[in-house]
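This report looks at a pocket, at the strands around it and at one residue elsewhere in the chain. Please keep the sequence and the model in view while reading.

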Amino acid sequence: MAKFSVNTHRFDPYKNFKFRVKWDGRYVAGVTKCSALKRTVEVVKHREGNDPSTARHMPAAISFESITLERGLTHDDEFEKWANLVYDVGGAGAISLAKFRKDIIIEVYNESGQLALAYKLYRCWVSEYQALPDLDANANAVALQTIKLENEGWERDTSVGEPTER
């Protein structure tokens with residue numbers, strides 16, 4: 001059973017289809033899919049000579065998996081502009097060191113459109129950019145554009161509390 005402290009009548013957990021992505025203080029248009037936020041802690045096994053024959057397990061380095069954002073192809077060029085900060089297509093191939101990393105926010109909404117959860121992702125940058133998908137004249141689908149973001153960590157925004165549902 002899902003646990004809600006404000007909406008004690010609520011039984012169902014939040015659904016995954018209402019969300020928004022924000023960077024540079026504004027919402028990014030048309031994001032239709034966002035991969036999971038995942039972190040992994042490496043395990044170091046250690047055994048001293050006089051220990052029993054089982055090893056001890058200790059936490060080590062933490063890594064954060066890349067996040068992929070996907071959206072329908074439009075004339076909005078936010079994905080492309082950010083991807084170009086890592087590689088200057090028209091110039092000498094230089095990185096914009098001052099601007100290529102961004103902090104982003106992913107917001108999750110309840111079915112009524114109220115902000116329910118938010119996560120802050122730190123020092124993200126575009127490692128992959130797909131400007132145009134495979135084109136197929138026989139397909140009946142939306143053309144999708146994607147970016148893959150590397151990040152140096154994320155955390156839940158605890159200032160966003162559970163909304164009182166109407």
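## The largest pocket

The largest pocket is lined by 14 residues, and those that lie nearest its centre are Asn 16, Phe 19, Cys 34, Ile 106 and Val 108. Strand S3 (31–34), strand S7 (102–109) and strand S8 (115–130) are the elements that give two or more residues to this lining, and S3 gives the most, with three. A pocket here is an open set of points on a 1 Å grid over the protein atoms alone, where a 1.4 Å probe fits, with protein on both sides within 12 Å along at least five of seven lines; lining residues have an atom within 4 Å of a point. Strands are DSSP runs (E, at least two residues), numbered from the N terminus.

## Basis of the model

This is a predicted model, in which local features need pLDDT of at least 70 and side-chain atom pairs count only at pLDDT 80 or more, while totals for chains, interfaces and linings use all residues. Residues are numbered from 1 along each chain as its sequence is written, and side-chain values use heavy atoms, with hydrogens and water left out.

## Strand S7 and its partners

S7 runs antiparallel to S1, to which five bridges join it, and Val 21 stands opposite Ile 106 in S7.

S7 also runs antiparallel to S8, with seven bridges between them, and Glu 107 stands opposite Ala 118 in S8. These two strands, S7 and S8, form a hairpin with five residues between them, where Gly 113 in the turn has a positive phi of about 85°.

Methods. Helix = DSSP H or I, 4+ residues; strand = E, 2+ residues; numbered from the N terminus. Pairing = 2+ DSSP bridges.
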